[in-house]
Amino acid sequence: MQNMLLQKLILCSKLPPQRFRVLTRHLTQDYSNRVHGISFSHRSELHKAKRIVVKLGSAVVTRGDECGLALGRLASIVEQVAMLQNQGREMIIVTSGAVAFGKQRLRHEILLSQSVRQALHSGNGQHKEMSVPVLEARACAAAGQSGLMALYEAMFTQYSTCTAQVLVTNLDFHDDEKRQNLNSTLQELLRMNIVPIINTNDAVVPPPEPNSDLQGVISIKDNDSLAARLAVEMKADLLIALSDVEGLYNSPPGTDDAKFIDIFYPGDQQSITYGTKSRVGIGGMEAKVKAALWALQGGTSVVIANGTNPKVTGHVINDIVEGKKVGTFFSEIKPAGPSVEEQTEMARRSGRILASLKPAQRGEIICRLAELLTERKDEILAANKMDMEIAVSAGRLPSAMLKRLSLSLAKLNSLAVGLRQIAVAAQEIVGRVVRRTRVAHGLELEQITVPIGVLLVIFEARPDCLPQVSALAIASGNALLLKGGKEAANTNCVLHQLTLEALSLHGVRDAIQMVSTREEVEDLCRLDKLIDLIIPRGSSQLVQDIQRAAKGIPVLGHSEGICHVYVDADADVDKVIKIVRDSKCDYPAACNAMETLLIHRDILRTPMFDQIIEMLRKEKVRIHSGPRFASYLTFSPSEARSLRTEYGDLECCLEVVDGVQEAVEHIHKYGSSHTDVIITENKETAEQFLKQLDSACVFWNTSSRFADGYRFGLGAEVGISTARIHARGPVGIEGLLTTKWVLRGDGHTVADFSESGRMTYLHENLPVEQDLTGQRGDI
């Protein structure tokens, strides 16, 4: 049987022999062991789909003028379908477009015919304005179907993929024999690795009858119902319906209260208000939802998404299959808890109440959380022990991450001390007047500190991060969304419960939410209308991934911690040994640990240099030589693969420079603008280093490990930022605040703007921006 199918493939497409071997493998590949009849319950399972129906709506296939096809859009969709087909999936296309393609051809023929007749019969040289009569849809379909299919065939041929055309009508599904024949034909095409392209035979199909659905069966009124019926008939795993809208909204898109629905459940139908139909086609969103629910009931998962947006069309189908949050996903299983969007809205509402509390009340919440950390230490450590045992047995976490994952009684006590420091700082932070100005008589302006809004903190295997950022969010009056790594799931759960218990003290329990659903980080980063700031806490790879994924949401943090220590010619040897040891060996996995040691060339082959090397050897630090340092040695350590490396372990790069200016230039070229240190007794040299170096933290004669919110007296930090705007360096409470302007007037002063743009006053002739801060004092 397999050989016979292969022969049919040879006849169908002239492909090279290696392509046949790939196709033969696909014919026997068991892509999914899923039994049809139960739809996928979550997006993350969609990658298991083997048989996929892609429905292309009229708005997707046709141009904006409705006369002709959107060729570029269609080509990108064909490419995605062909790629999925070549992965071993079974792809079926239900397409519109025959009427639009035929309309284009018939309009052209009519205009050409009119032009020829006019040229033959117009003897006086006067030309009448040509008009195109209203074209009947069936005639357009008859004229366009062959051209549409020829276009699909030409496009798929570019990817060595065969196609076959199948035209159907409602009768083909109502007649048992015809339905079985159709099923048999499609099954055979799929077995031969051919993509069936299906459309209603619009040249002969009668107008749809209203409410003509049989009990338990959907009638074929449009391509939405055709795709749903076909998906169930063919036991498809997934139906992707592409239209000209992002997905399903609770009311017509564009209206004030319209909210996008990420996941739609059958019981939510009553909450939907439908709008008008698409600019083309005979269906509409109501028809799509009805068809989707019918397919879902038949065991086929459904996603309705936008196939016309040029920013996503080139990968929309692949994104859906990969489980990304694209379009509206139809699911029969409603999760017990709220969605992440609902959690964010709950957090924002409660966060506004938190911001309105008195400073002492916010401080009481933080102090209560500090107490709970010590009171419930046994519960916390037991959960952490479970996480550690799971991580060790899995053997996937490096030693640096295992250290971060581990909690101890000393760590909990230190956390509690830090939280109490934050509670004290919380007394005067929100609502502080930064600037107060009288702009006119009876008109006073204030700039005051306010919370940013909703923060999303994503952290890996570091459960101590949870109470720290929670306390900072409470102190600054911000709502908080937490997404912790699965490695610390048990510890995070306990710590979050303690945080909720503390928040309940003043009725703001919902202000801090833990995202426990199966949301991907990339999906969270797309919630630009719900989240105001993202703070990643973890590896440089995590930060880089979030910075790439964030769409329209600022990211506070640093992707790398490539910290330098420069040892100047005038350095004191005792200070050098202490500072270099602490910077590298105290906690090598920290982002503020030294990664590159720069040595002034005059120190080479001196007792100071020998002592530095001996200390690093005793501390078991592996040295990688920079290219210039290697040139000085006959037998040098292994050369560094890159001078821009964050080792995160007992390793460092050692390089030689001619002086402070070259050290600054080296750091600017290879550093990450995090923390950099100079060790010298020469004040002039030190000041040059401190002024010229453009890093978030620049130190003189002290360890790079001091770049820490706790050591800076911030109590705790949400991270270290290397950004150029807003917060920079260790970010504590103040970095989680922004400002707003408050203008208080007596109702008698109005403003006008002259041509120069300066504000003038109609009723008062007072200096603009008269500063009152010194007169009345800062609050």
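How many helices and strands make up the secondary structure of the protein chain? The count comes to 26 helices and 28 strands, taken as DSSP runs numbered from the N terminus (helices: H or I, at least four residues; strands: E, at least two). The model is a predicted one, so local features need pLDDT of at least 70 and side-chain atom pairs count only at pLDDT 80 or more, while totals for chains, interfaces and linings use all residues. Residues are numbered from 1 along each chain as its sequence is written, and side-chain values use heavy atoms, with hydrogens and water left out.

Of the 779 residues in the chain, 50% count as buried (under 20% relative accessible area, with exposed over 50% and partly exposed in between; 1.4 Å probe, protein chains only). As for contacts (heavy atoms within 4.5 Å), among those between residues at least 6 apart in sequence, 74% join residues at least 24 apart.

A search of the whole structure turns up three cavities of 30 Å³ or more. Here a cavity is a set of points on a 1 Å grid over the protein atoms alone where a 1.4 Å probe fits but cannot get out, and lining residues have an atom within 4 Å of a point. Grid points are joined across faces, edges and corners, and a volume is the space filled by probe spheres set on the points.

The second largest cavity holds about 50 Å³. Helix H9 (223–233), strand S5 (238–243) and helix H10 (285–297) each put at least two residues into its lining, with H10 giving the most, at three. The lining splits into six nonpolar residues, three charged and no polar ones (Ala, Val, Leu, Ile, Met, Phe, Trp, Tyr, Cys and Pro count as nonpolar; Asp, Glu, Lys and Arg as charged; the others, Gly among them, as polar).

Among the lining residues are Lys 55, Asp 224 and Lys 288. Lys 55 sits in strand S1 (residues 51–56) and is buried, at a relative accessible area of 4%. Its side chain makes a polar contact of 2.9 Å with that of Asp 224 (a pair of N or O atoms within 3.5 Å; within protein, one must be able to donate a hydrogen and the other to accept it, and residues adjacent in sequence count only if both atoms are side-chain atoms). Leaving aside neighbours within four places in sequence, Lys 55 also touches others, including Val 94, Ile 240 and Lys 288.

Key:
1 Å grid on protein atoms, 1.4 Å probe; cavity = no way out; pocket = protein on both sides within 12 Å on 5 of 7 lines; lining within 4 Å.
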